[in-house]
Amino acid sequence: MSASAGRAAASGRPTVAGTAEAKRLPKPRGERFGGLVEGWLRGHTLLIYLFLYIPIIVVVIFSFNATNRRVTDWQGFSLKWYASVLSDKVVQSALTNSFIVATSTAIISTVFGTMAALGLQRAPKWFQRPFEALTFVSIIVPEIVIALATLVFFSSSFDVINPIFGLKLKLGFPTIIAAHALFNISLVMLLVRARLSGMDRTHVEASYDLYGTPWRTFWQITFPQLLPAVVAGFLLSFTFSFDDYVISSFVSGSETTLPLFVFSQTRQGVTPLTNAIAAMMLLVTFVILVIGQWILARQARRTGDRGRTPLSMLET
């Protein structure tokens with residue numbers, strides 16, 4: 001062995017002969033197929049996103065169609081269907097109803113879901129487990145089962161309450177909001193519980209050591225740390241309620257929301273008008289998401305808690 005080769009071996013650096021020999025050695029099976037698997041996964045991911053978003057893009061594009069016949073018969077770019085939506089009193093009424101229902105549901109679900117999460121945090125384990133199981137069950141149960149159960153409950157309750165108290169309770173906005181909140185409270189509770197489990201308790205304990213009251217500690221210490229989960233729960237509750245059809249169709253009575261109106265229109269065939277309504281619903285959802293992101297970004301600059309967004313809360 002030469003002196004240079006000996007020094008290279010002593011220093012741990014591979015020699016030229018060793019490098020050439022290593023290149024001739026067969027690569028491990030996992031390393032040989034790693035690039036192929038990675039390329040396949042990337043292509044599979046691309047196909048999934050295309051499958052999810054191409055139909056939405058098509059709906060938005062054909063909402064600007066100037067045709068008066070088939071929705072797929074492109075006759076040029078036009079905003080007349082959006083003008084028709086904004087001038088239609090029925091559509092405006094359905095849109096207003098959806099906003100009222102979604103906002104009320106989001107507020108109720110966020111308040112009660114956050115309170116339930118805070119209450120369960122201090123409960124003993126034997127008390128937490130059954131309620132956590134019930135929370136998961138309410139999410140796993142199919143939506144149509146919840147819709148049917150709430151319909152039976154409201155109908156049976158009204159049949160008993162109305163004759164006794166001389167009332168005329170019936171299905172409408174209150175029953176829609178109550179049914180939506182029944183489902184969304186569980187979502188908010190899970191998000192806030194996930195945030196509470198990863199929250200630093202040292203600040204809360206320090207506040208108590210400095211004789212801070214429970215109310216002041218909550219608003220100045222606990223709530224700012226819970227704000228990402230609270231905002232995420234509000235956004236999810238709003239969007240789920242705003243575009244819900246199954247539950248609303250069971251408990252709406254004579255009231256009409258925007259999803260109910262769209263479904264009634266599609267029975268006669270999809271038109272550029274329904275595409276325009278769907279595009280406007282997408283715009284509303286996007287605006288709500290942007291507002292939520294802005295609130296969280298502003299809060300992150302104050303508290304230094306970066307990287308927590310409504311979407312990232314779903315991954316917790």
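The following conversation concerns a predicted model of one protein chain.

Visitor: What kind of model is this, and how are residues numbered?
Guide: This is a predicted model, in which local features need pLDDT of at least 70, side-chain atom pairs count only at pLDDT 80 or more, and totals for chains, interfaces and linings use all residues. Residues are numbered from 1 along each chain as its sequence is written, and side-chain values use heavy atoms, with hydrogens and water left out.

Visitor: What does the chain average in pLDDT?
Guide: The average is 78, and 83% of the residues score at least 70. pLDDT is the predictor's confidence in each residue, from 0 to 100.

Visitor: Where does pLDDT stay under 50?
Guide: That applies to residues 306-316, for which the model has 23 contacts beyond four places in sequence. A contact means heavy atoms within 4.5 Å. Where pLDDT is low, the predicted coordinates should not be read in detail.

Visitor: How many helices and strands are in the chain?
Guide: The chain has 15 helices and 0 strands. Both are DSSP runs numbered from the N terminus: helices are H or I with at least four residues, strands E with at least two.

Visitor: And what share of the chain counts as buried?
Guide: Of the 316 residues, 34% do. Buried means under 20% relative accessible area, exposed over 50%, and partly exposed in between, with a 1.4 Å probe and protein chains only.

Visitor: What does Leu 258 touch?
Guide: Not counting residues up to four places away in sequence, Leu 258 touches Val 91, Ala 94, Leu 95, Ser 98, Phe 242, Ile 277 and Met 281.

Visitor: Which residues line the second largest cavity?
Guide: Its lining consists of Val 85, Val 91, Leu 95, Leu 258, Ile 277 and Met 280. Helix H6 (89-121) and helix H14 (272-303) are the elements that give two or more residues to that lining. By class, the lining has 6 nonpolar, no polar and no charged residues; Ala, Val, Leu, Ile, Met, Phe, Trp, Tyr, Cys and Pro count as nonpolar, Asp, Glu, Lys and Arg as charged, and the others, Gly among them, as polar. A cavity is a set of points on a 1 Å grid over the protein atoms alone where a 1.4 Å probe fits but cannot get out, and lining residues have an atom within 4 Å of a point.

Visitor: Why does Ser 248 count as buried?
Guide: Ser 248 counts as buried because its relative accessibility is 1%. Ser 248 belongs to helix H12 (residues 246-251). Beyond its neighbours within four places in sequence, Ser 248 is in contact with Ile 176, His 180, Thr 257 and Leu 260.

Visitor: Where is Ile 146?
Guide: Ile 146 lies in helix H8 (residues 143-165). At 10% relative accessibility, Ile 146 counts as buried. The C-alpha atoms of Ile 146 and Ile 247 are separated by 7.3 Å, although the two are 101 residues apart along the chain.

Conventions
On a 1 Å grid over the protein atoms alone, a cavity is a set of points where a 1.4 Å probe fits but cannot get out, and a pocket is an open set with protein on both sides within 12 Å along at least five of seven lines; lining residues have an atom within 4 Å of a point.
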